Amino acid sequence: MDNYQGIGEVTQQGQHISTVKYSVQPKPVEGQIEIEKGEKYLSARDRFTLHMEGGLTLDFRIGQVSDQIEGKYYITGIGGFRRPS
């Protein structure tokens with residue numbers, strides 16, 4: 001399976017949170033994000049949306065926090081990829 005990689009935006013309830021580098025795979029829907037600009041702390045209790053290059057979006061939660069690099073997270077998708085309508 002191909003990974004989706006690029007620069008994207010993370011939002012929460014429509015509000016921009018961060019600009020990130022992402023690398024996510026489709027099955028299972030998971031991957032990692034590294035925050036480039038914006039809010040560095042993302043709560044594992046919350047739900048976020050990743051807006052990827054090419055118009056795809058993915059709702060996700062934090063699966064695991066990397067304790068090695070500030071602002072780097074392993075994510076788990078909620079559902080699959082979608083295109084905004």
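## Strands, a turn and a cis bond

In the hairpin of strands E1 and E2, two residues sit between the strands, and Gln13 takes a positive phi near 50 degrees. The model is predicted.

**Strand pairing**

- E1 spans residues 4–12, and E2 spans residues 15–25.
- E1 and E2 pair in the antiparallel sense, over nine bridges.
- Opposite Thr11 stands Thr49 in E4.

**Gln13 in the loop**

- Gln13 belongs to the loop between E1 and E2.
- Its phi is positive, about 50 degrees, although Gln13 is not a glycine.
- Most residues other than glycine have a negative phi.
- Is Gln13 buried or exposed? Gln13 has a relative accessible area of 80%. Exposed means over 50%, so Gln13 counts as exposed.

**The cis peptide bond**

- Which two residues does the cis peptide bond join? The bond links Lys27 and Pro28.
- Omega at this bond is about -10 degrees.
- Most peptide bonds are trans.
- Pro28 lies in the loop between E2 and E3.
- Strand E3 runs over residues 30–38.

Technical notes: Residues numbered from 1 in each chain as written. Predicted model: local features only at pLDDT ≥ 70, side-chain atom pairs only at ≥ 80, totals over all residues. Heavy atoms only, no water. Pairing = 2+ DSSP bridges. Helix = DSSP H or I, 4+ residues; strand = E, 2+ residues; numbered from the N terminus. Buried < 20%, exposed > 50% of the residue type's maximum accessible area, 1.4 Å probe, protein only.
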